[in-house]
Amino acid sequence: MSAASPARNPATPRHTALVRVTHWITVLAFFALLITGAEIVVSHPRFYWGEVGNVMTRPLFTIPIPSSRDTVPTGFNYVMPDQNGWSRYLHFQAAWVAVLTGLVYAIYGFWTGHFRKNIFPARGDRTWRAFSARIAKYLRRAPPDEAEAHSYNILQRTAYLGVIFVLFPLVIWTGLAMSPAFTAAFPATASLLGGRQSARTLHFFVSGFLLLFLIIHVAMVALSGFRSRMRAMITGGAGAPSLTTPEPAPALAPELANQERP
Ligand code: HEM
């Protein structure tokens, strides 16, 4: 049983409107970033370390795919269709959508105590035992217990913490560190990472971890009951157990006090 404090109020939605709206905008932006990011990689599937990297320098590693530019040596006798133009525009546009949406969500999360109450692992759950017990439960495909009907479990909280406070900030930092305009104003953002090409390589790996998060996240949603969890994340699921703070239960009239509640 999770030590996370249960909060039940059938009148309020499981997820607040702000969490739902920012979640689905982030998902849309993320898919746009993923597709356009892949197109940008195809235009130069070689990765370098340091400040400088081009077809004349030794790559750190190469993704074994043909490039969309015939000037890039890949070992393949084939050039992919070039989708680099619109991909770059959409990538930068979607990145700003993700950054601004993330900012609104972060301010809301701190301001309302949503992060403290619902995302940071509860004190009693911060143990390897609680962690491994929940993994074992997922592997057994056991249904979620009562506490999880109105509170994220330790694995969900850890994954959300990682994506909100580590992966997202890192992908934004490494992305900005590739922008000449940004690094001209804040050179340390690139030099701290080892240079602009190092930033690109790190950006690629952090994006890979975000993709891994996405796969595990959707699998965990599916194992907890895909339809009901999705319904709650789309409509709010008013009437379902809530993640938000409960209102006190109304007092019973004295003559009803000894009777069972319906
Ligand atoms: C990279 C893309 C995604 C990110 C960064 C992300 C992140 C998150 C975060 C941080 C939460 C917790 C929200 C909160 O309470 O503050 C959450 C919940 C949730 N997400 Fe995602 N998500 C992503 C993609 C998806 C996708 C593609 C789906 C569905 C197919 C999905 C379905 C859900 C559901 C149903 C919940 C609520 C889980 C529950 O109540 O047990 N997410 N997501």
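The term pLDDT denotes the predictor's confidence in each residue, on a scale from 0 to 100. It is needed here because the structure is a predicted model. For the protein chain the mean pLDDT is 87, and 87% of the residues reach 70 or more.

**Confidence along the chain**

- Over residues 1-8, pLDDT stays under 50, and for this stretch the model has 33 contacts beyond four places in sequence.
- Residues 245-262 also have pLDDT that stays under 50, and here the model has six contacts beyond four places in sequence.

**The shell around the ligand**

- The ligand is surrounded by 20 residues, of which F30, Y160, V221, R229 and M233 are the closest.
- At least two residues of the shell come from each of helix 1 (17-42), helix 5 (154-176) and helix 8 (196-235).
- Helix 8 contributes the most to this shell, supplying 10 residues.
- By class, the shell around the ligand consists of 13 nonpolar residues, six polar residues and one charged residue.

**Helix 1 and helix 8**

- The axes of these two helices, helix 1 and helix 8, come within 13 Å and cross at roughly 140°.
- Because of this angle, helix 1 is oblique to helix 8.
- Helix 1 and helix 8 cross in a left-handed manner.
- On the side of helix 1, the residues R20, H23, L34 and G37 take part in the contact, and they meet S207, L211, M233 and I234 of helix 8.
- The residues of this contact comprise four nonpolar, three polar and one charged.

**Helix 5 and helix 8**

- The axes of helix 5 and helix 8 come within 9 Å, with a crossing angle of roughly 155°.
- Angles over 145 degrees count as roughly antiparallel, and helix 5 and helix 8 are therefore roughly antiparallel to each other.
- The crossing in which helix 5 passes helix 8 is left-handed.
- Residues of helix 5 in this contact include L155, Q156, A159 and V163, while those of helix 8 include A199, L202, H203 and V206.
- The contact of helix 5 with helix 8 has 14 nonpolar and six polar residues, and no charged residues.

Definitions and conventions
Residues are numbered from 1 along each chain as its sequence is written. This is a predicted model: local features need pLDDT of at least 70, side-chain atom pairs count only at pLDDT 80 or more; totals for chains, interfaces and linings use all residues. A residue is near a molecule or strand if its C-beta atom, placed from the backbone, lies within 6 Å of it. Helices (H or I, at least four residues) and strands (E, at least two) are DSSP runs, numbered from the N terminus. Ala, Val, Leu, Ile, Met, Phe, Trp, Tyr, Cys and Pro count as nonpolar, Asp, Glu, Lys and Arg as charged, and the others, Gly among them, as polar. Axes are lines fitted to C-alpha atoms, for helices over the stretch in contact, and angles run from 0 to 180 degrees between N-to-C directions. Angles under 35 degrees count as roughly parallel, over 145 as roughly antiparallel, 65 to 115 as roughly perpendicular and the rest as oblique. A crossing is left-handed if the near helix is turned anticlockwise from the far one by less than a right angle, and right-handed if clockwise. Two residues are in contact if their C-beta atoms, placed from the backbone, lie within 7 Å.
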